[in-house]
Amino acid sequence: MADVIAPDQWATIHQLVDWIDSANGRTPHEIAMRILKVTEEAGEAASAYIGMTGQNPRKGVTHSREDVADELCDVILAAAVALVSVTDGTAEAALTEKLAKVAARAAATKAAP
């Protein structure tokens, strides 16, 4: 299976974690904040989607597909930073293994009658 996130992207994510660690440390509280950041970013993605669809009649259409994609990228980055922060050097393997498990389940589901 190909890399889920390319090695150069992982290198950048590790640099971001080092940068955050140097500013905030890596205490249990800080790790919790990084995990909560994923939720914050997911909320922003949901808000952008609501804005893209014009779901709020008072506001109308306020976002584009590009805005939604940008927010989803923020979710992925926040999750990758949190994953690196909790896995002590095994983030890449953990994500690759998880993707393989999900892909195997999806294949099994697809093959089921």
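This is a predicted model: local features need pLDDT of at least 70, side-chain atom pairs count only at pLDDT 80 or more; totals for chains, interfaces and linings use all residues.
Two residues are said to be in contact when heavy atoms of theirs lie within 4.5 Å of each other, and I begin with that wording since several parts of this talk rest on it.

Let me start with the overall picture. The protein has four helices and zero strands, and read from the N terminus the order of its elements is α-α-α-α. Its radius of gyration comes out at 17 Å, while the globule rule gives 13 Å for 113 residues, and because 17 Å is well over that value, the protein is more spread out than a compact globule. If we follow the C-alpha trace along its principal axes, the spans are about 50 × 45 × 25 Å. Buried residues account for 20% of the 113 residues, and the protein exposes about 7,600 Å², with carbon and sulfur atoms supplying 62% of that area. As for how the chain meets itself, if we take the contacts between residues at least 6 apart in sequence, then 62% of these join residues at least 24 apart.

Now to the pairs of helices. How do α1 and α3 pack against each other? Helix α1, which covers residues 7–24, and helix α3, which covers residues 65–87, pack at an angle of about 70°, and their axes are 9 Å apart. Angles of 65 to 115 degrees count as roughly perpendicular, so α1 is roughly perpendicular to α3. On the side of α1, the contact is made by Trp10, Ile13, His14, Leu16, Val17 and Ile20, and on the side of α3 by Leu77, Ala80, Val81, Leu83, Val84 and Ser85. Sorted by class, the residues of this contact are ten nonpolar and two polar, with no charged ones.

Helix α2, residues 28–53, also packs with α3, here at an angle of about 170° and with the axes 8 Å apart. Since angles over 145 degrees count as roughly antiparallel, α2 and α3 are therefore roughly antiparallel to each other. The contact of α2 with α3 has 16 nonpolar residues, one polar residue and eight charged residues.

Is Val17 buried or exposed? Its relative accessibility is 1%, and because buried means under 20%, Val17 counts as buried. If we set aside the neighbours within four places in sequence, Val17 is in contact with Arg26, Arg34, Val81, Val84 and Ser85.

Asp88 lies in the loop between α3 and α4, the latter being residues 91–111. The relative accessible area of Asp88 is 64%, so this residue is exposed, and its phi angle is near 50°, which is a positive value in a residue other than glycine.

Finally, there is Ala6, in the segment before α1. With 25% relative accessibility, Ala6 counts as partly exposed, because that class holds what falls between the 20% limit for buried and the 50% limit for exposed. Ala6 and Ile20 are 14 residues apart along the chain, and their C-alpha atoms are separated by 21 Å.

Definitions and conventions: Residues are numbered from 1 along each chain as its sequence is written. Side-chain values use heavy atoms; hydrogens and water are left out. Axes are lines fitted to C-alpha atoms, for helices over the stretch in contact, and angles run from 0 to 180 degrees between N-to-C directions. Helices (H or I, at least four residues) and strands (E, at least two) are DSSP runs, numbered from the N terminus. Angles under 35 degrees count as roughly parallel, over 145 as roughly antiparallel, 65 to 115 as roughly perpendicular and the rest as oblique. Ala, Val, Leu, Ile, Met, Phe, Trp, Tyr, Cys and Pro count as nonpolar, Asp, Glu, Lys and Arg as charged, and the others, Gly among them, as polar. The radius of gyration is taken over C-alpha atoms; the globule rule is 2.2 Å times the number of residues to the power 0.38. Buried means under 20% relative accessible area, exposed over 50%, partly exposed in between (1.4 Å probe, protein chains only). Accessible areas come from the Shrake-Rupley method with a 1.4 Å probe; for residues, only the protein chains shown count as cover.
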